[in-house]
Amino acid sequence: MYVIVTGAGKVGVNLTQELLGQGHEVTLIENRRQRYLGVEQLLEHNVLYGDASELWVLERAGIERADMVIAVTGDDEDNILICQVAKEKYGIDRIIARVNNPSNRAHFDLLGIKPVVSATELILRLLEHEVPHHNLVHLLDLEEEEIEIIEIRLDDKSPVVGRTVGELNTPDNTLVIAIIRDGHGMVPNASTVFEAGDDILAVLDPNREEDLKSIFTSG
Amino acid sequence: MFVLIVGCGRVGSSLALSMLADGHTVSCLDQDPESHARLEVGLDCSWEEAGGQFTVGTALETQALEEAGIVKADAFVAATNGDNTNIVIAQIAQRRYEVDTVIARILDPLRAEWYREQGLRTICPTKVAIEMLEDKLRSVANPTSLDAGTAEYADTPPAPPADANAGGGE
């Protein structure tokens with residue numbers, strides 16, 4: 001696969017090395033002269049000096065034959081523009097954009113730039129996973145495909161504690177796929193009994209979330 | 001009409017003053033509070049007393065755009081010093097706020113051309129400058145050609161005074 005990465009910060013450089021290691025062809029574009037010179041020592045001909053938001057620079061990097069464009073500069077406007085041009089002018093289907101400032105997320109959505117990666121959102125999600133404020137944590141959201149995986153913590157007031165998976169009357173389009181007990185995950189069968197403190201992993205249609213929550217939690 | 005100008009540099013501030021003089025309602029947004037001073041060049045009162053509005057904030061903050069009045073704007077001009085910023089905020093004004101007239105200043109001719117084809121009104125000062133310079137040079141190179149009729153010799157600088165330092169640049 002041929003991948004163009006823009007922005008040779010720590011993210012861009014590490015990503016490029018990783019992709020090269022996996023056997024992909026990569027061009028990393030950087031417009032800060034000093035940064036470019038430093039990175040060139042490491043990545044040699046895989047790095048190109050120039051402003052990736054200039055069309056001729058993208059063309060010099062061979063965007064016409066690229067399979068994927070990843071915009072990870074520290075500037076959200078640049079990431080939006082690069083992805084928009086890659087997608088709409090050069091017909092690149094696969095793009096990934098980095099969101100630096102979470103409040104700019106709406107602009108990426110508005111202009112159809114997706115998927116996006118936001119460090120702040122990732123950390124918040126991890127934080128929620130480690131220190132759940134609510135009983136319910138989103139582990140995976142596939143918005144386009146309309147499916148998600150959630151984790152629900154059972155407290156001792158949960159109505160399902162002491163009952164078996166088989167007894168459970170789960171709503172349509174939902175499925176309990178795993179139970180994490182004492183730090184160990186297992187795939188339940190019909191006779192598995194729920195215990196307080198269990199983390200239940202379920203796959204479901206996003207609009208079934210409330211239904212599922214009401215079955216497992218006392219609130 | 002209500003004109004919102006984002007970016008209060010030389011271009012934005014001059015445009016703001018002339019639009020205000022034409023009798024329009026004008027609001028400016030800039031991240032630098034100091035840029036407000038540009039709006040009072042040639043005025044004998046403050047920009048606000050003259051009827052103008054000024055908001056401090058970055059162009060991508062929707063809260064700042066709303067405070068500056070984007071919801072009721074009839075025209076939106078993106079004139080910050082960043083091409084990509086102008087391109088992004090112009091599209092926000094067009095698609096999210098549905099402002100009737102949206103114009104973006106884009107210095108890079110290639111980006112200006114492509115976004116113009118995508119339906120954005122763009123002004124490319126670089127392209128204008130290139131064309132003027134081409135005209136000027138061609139008319140100098142070939143003063144008898146038909147094109148020379150439109151050449152502007154009027155702005156040829158006057159001959160330097162006798163005591164001017166011959167080697168001095170600007």
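The largest nonpolar core has 72 residues, and A:Val69 and B:Ile5 have the most contacts inside it. A nonpolar core here is a set of buried Ala, Val, Leu, Ile, Met, Phe, Trp, Tyr and Cys residues joined through C-beta atoms within 7 Å. Another core lies apart from it, with 13 residues, among them A:Ile152, A:Ile179, A:Leu204 and A:Phe216. In soluble globular proteins, nonpolar side chains tend to be buried together.

This is a predicted model: local features need pLDDT of at least 70, side-chain atom pairs count only at pLDDT 80 or more, and totals for chains, interfaces and linings use all residues. Residues are numbered from 1 along each chain as its sequence is written, while chains are lettered from A and ligands numbered from 1 in the order in which they are written.

**Confidence**

- The model scores ipTM 0.79 and pTM 0.76.
- Chain B has a mean pLDDT of 89, and 85% of its residues reach 70 or more; pLDDT is the predictor's confidence in each residue, from 0 to 100.
- In residues 166–170 of chain B the pLDDT is below 50, and this stretch has zero contacts in the model beyond near neighbours in sequence.
- Two residues are in contact if their C-beta atoms, placed from the backbone, lie within 7 Å.

**Chain A overall**

- Chain A has seven helices and 11 strands. Helices (H or I, at least four residues) and strands (E, at least two) are DSSP runs, numbered from the N terminus.
- Its radius of gyration is 22 Å, whereas a compact globule of 219 residues would have a value near 17 Å. The radius is taken over C-alpha atoms, and the globule rule is 2.2 Å times the number of residues to the power 0.38.
- Along the principal axes, the C-alpha atoms of chain A fill a box of roughly 65 × 35 × 30 Å.
- The domain assignment gives domain 1 (2–119) and domain 2 (130–216) of chain A. Such bounds come from an automatic or database domain assignment.
- The C-alpha centres of these two domains of chain A are 38 Å apart.
- Buried residues make up 31% of the 219 residues in chain A. A residue is buried if 20 or more other C-beta atoms lie within 10 Å of its own, exposed if 12 or fewer, and partly exposed in between; C-beta atoms are placed from the backbone.
- Among contacts in chain A between residues at least 6 apart in sequence, 54% join residues at least 24 apart.

**Chain B overall**

- Chain B has five helices and six strands. From the N terminus, their order is β-α-β-β-α-β-α-β-α-β-α.
- Chain B divides into domain 1 (2–123) and domain 2 (125–154). Their C-alpha centres lie 31 Å apart.
- Of the 170 residues of chain B, 32% count as buried.

**Where the chains meet**

- 15 residues of chain A are in contact with 15 residues of chain B.
- On the chain A side, α3 (55–60), α4 (76–88) and α5 (105–110) are the elements that give two or more residues. The largest share, five residues, comes from α4(A).
- That side of chain A has six nonpolar, four polar and five charged residues. Ala, Val, Leu, Ile, Met, Phe, Trp, Tyr, Cys and Pro count as nonpolar, Asp, Glu, Lys and Arg as charged, and the others, Gly among them, as polar.
- A:Leu55 sits in helix α3 of chain A. A:Leu55 is partly exposed because 18 other C-beta atoms lie within 10 Å.
- Beyond neighbours within four places in sequence, A:Leu55 is in contact with A:Val85, B:Leu110, B:Arg111 and B:Trp114.

- B:Ile5 lies in strand β1 (residues 2–6) of chain B. B:Ile5 counts as buried because it has 27 C-beta neighbours inside 10 Å.
- Not counting residues up to four places away in sequence, B:Ile5 touches B:Gly12, B:Leu15, B:Ala16, B:Val26, B:Cys28, B:Val77 and B:Ala79.

**Backbone features in loops**

- A cis peptide bond, with omega about 0°, joins A:Lys114 and A:Pro115. A:Pro115 is in the loop between α5 and β6 (116–118) of chain A.
- A:Glu146 is not a glycine, yet has a positive phi of about 55°. A:Glu146 lies between β7 (136–142) and β8 (147–153) of chain A, in a loop. With 11 other C-beta atoms within 10 Å, A:Glu146 is exposed.
- B:Glu98 also has a positive phi, near 50°. B:Glu98 is in the loop between α3 (83–96) and β5 (101–105) of chain B, and counts as exposed with 9 C-beta neighbours inside 10 Å.
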